[in-house]
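Subject: Structure handover: cores and cavities

Hi,

Here is the structure for your files. Please open it alongside this note.

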Amino acid sequence: MKKSLVSMGLVTTLVGTLLAGCSTDKGSETTTSSPKASASASASAKPDDKTPIKVTWFVADESYKKTWDPVNNLLDKMITEDTGISIEFTSGNNDKLSALIASGDIPDMITVDKTAPQRGVLEKSGLVSPLDELIIKYEPTFNVPKSMQDWFRNPDGHFYGYANYFWAKENVKPGDTLYSNQGLYARKDIMDQLGIKPEDFSTKEGLVTALRKVKDSKTKYNGFDVTPAYFESWVISSFFGAPREDEQGNLVDRERTPESLEAYQFLNRLYREGLMPEDSQTLNQAQLTEKVNNGAVFALSNKVIKRDALYAKDPNAIFVAVGPVRGEKGKQPVVDPVAASGWTLTMVSSKAKHQDRIIKLMKYLSAEEMNLVVTYGPKGIAWDYDANGKVKLSDEFIKARSEDANKAKLKYGNGSLNWLISYMPVQRTLPVNGVLETEGTKANIYFGKYTYDALAFENISPIGGSEEAGINAKREEVRVKTRAKMILAKSPEDVEKFYKEGIDQEEKLGSQKLYDYQNKKFQEAKKALGVQFVWPANIKK
């Protein structure tokens, strides 16, 4: 599959077609400003009422930690000065969110994964207000993309949340590209030290040999033993070519494919040979991030793990794209792109005292230039535009980040408030300086050639509160436990045994009913898109 990055021109057409076919209510169209009008809107987006108030905001992501500090944090200071609002953030997992819902008393704002069952429960419960109604009532100039409204429109005709990282078809420009958060990355300094090359990671044996070199060399970094690898099973199975659609066009549960079993057997081999640790199944993202930034990890497959603190301490300790590893059959790797329909939804409590101010805050935070501000920090301090309209990071910011990335983040607020961000303005203006940023762009391009259009798969999760959603939640619990048992198994035979036991448990939960629901949604999406097949191998035929 020698193909370029997923074309946003194609995605634009597909999103438009799918929304036209799937929307239950066209609603009142909210227009999108022209570029000149958008710039003007960004400049005048500061809310008029700046009376000091506090807004509470729960984020259903236990790794997210932010304390509002308008005295020392320049982003927080800017937001509070522009809006009069201070934010009290709390966070936790979906269980904590469920407890809040059960109490009937939720914070003023809620951010939840778009696929979480709690989203559907919130929308049905009356605990959150329809966002379209709040906009009409308090801020009619808040231009939420029509495609976003339609994609998340509830059967009752309303939409309830604003999605971050949503690729709105109205806003797509030539050159906009969907990348992937899946990949294979390794420390270049250690590779150079041990004579390891990027292509060594392209086969299972080559990858194992590379990891053994790290283990056998007893490499240490700043007093920490360097762990050879932290890999996710779903990324490895994608590299092995696990399909998501069969030759007849039916949905495939790739967790139940030969390629996935091969991935589990491979990861189990890494564990048994001491190349991947037991805590690979227990560390959360924050813990793994800490380990990476301590310099204690050689290779990983999770692109979203931030490595800026490590680079700040040692500019040579940069992660570069390698591989990708292929399976026994040598199938073409196929990795998921970032979701065109976004990641999370931010909602407003129906009991929030200051709904009017919250809607204005959401408009302010989602303004075009604010996407850059929340990414890098305040304009004119952390960055500015160069003559070509690209971001140029300030010497002050680069110096502060190189000295202590965590301390710099506390000062500038960069990357600490992405819950209403659109990535398109960020991508169009990527920095011309900063090694972390330029290496990130290289990695996007490197793995981008293995992506595909995944839009038809993005709307198959059952709505929270339904029988299928209950089955899905219980199945995921089984999978988390089974995944750990397989990877930490004592033998290859045990891996296959646990794999089969997992399938039996899922069948008892009613997995067939869940599959039938998801396949029906998948077929409806393809029909709306006007395509018979979406999997690359099927399209070729």
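Below are the notes on its nonpolar cores and its cavities.

This is a predicted model: local features need pLDDT of at least 70, side-chain atom pairs count only at pLDDT 80 or more, and totals for chains, interfaces and linings use all residues. Residues are numbered from 1 along each chain as its sequence is written, and side-chain values use heavy atoms, without hydrogens or water.

Cores

A nonpolar core here is a set of buried Ala, Val, Leu, Ile, Met, Phe, Trp, Tyr and Cys residues joined through side-chain atoms within 4.5 Å. Buried means under 20% relative accessible area, with a 1.4 Å probe and protein chains only.

The largest core has 84 residues. W57, L131, M362, L365 and L417 have the most contacts inside it. Another core, of 56 residues, lies apart; M191, Y230, L300 and A321 are among them.

L417 touches W57, Y64, W68, L75, I79, F89, L365 and V374 (heavy atoms within 4.5 Å), leaving out residues up to four places away in sequence.

Cavities

A cavity is a set of points on a 1 Å grid, over the protein atoms alone, where a 1.4 Å probe fits but cannot get out; lining residues have an atom within 4 Å of a point. The structure holds 2 cavities of 30 Å³ or more.

W57, L365, V374, L417, W419, L420 and I421 line it.

Best wishes

Note on methods
Buried means under 20% relative accessible area, exposed over 50%, partly exposed in between (1.4 Å probe, protein chains only). On a 1 Å grid over the protein atoms alone, a cavity is a set of points where a 1.4 Å probe fits but cannot get out, and a pocket is an open set with protein on both sides within 12 Å along at least five of seven lines; lining residues have an atom within 4 Å of a point. Grid points are joined across faces, edges and corners, and a volume is the space filled by probe spheres set on the points.
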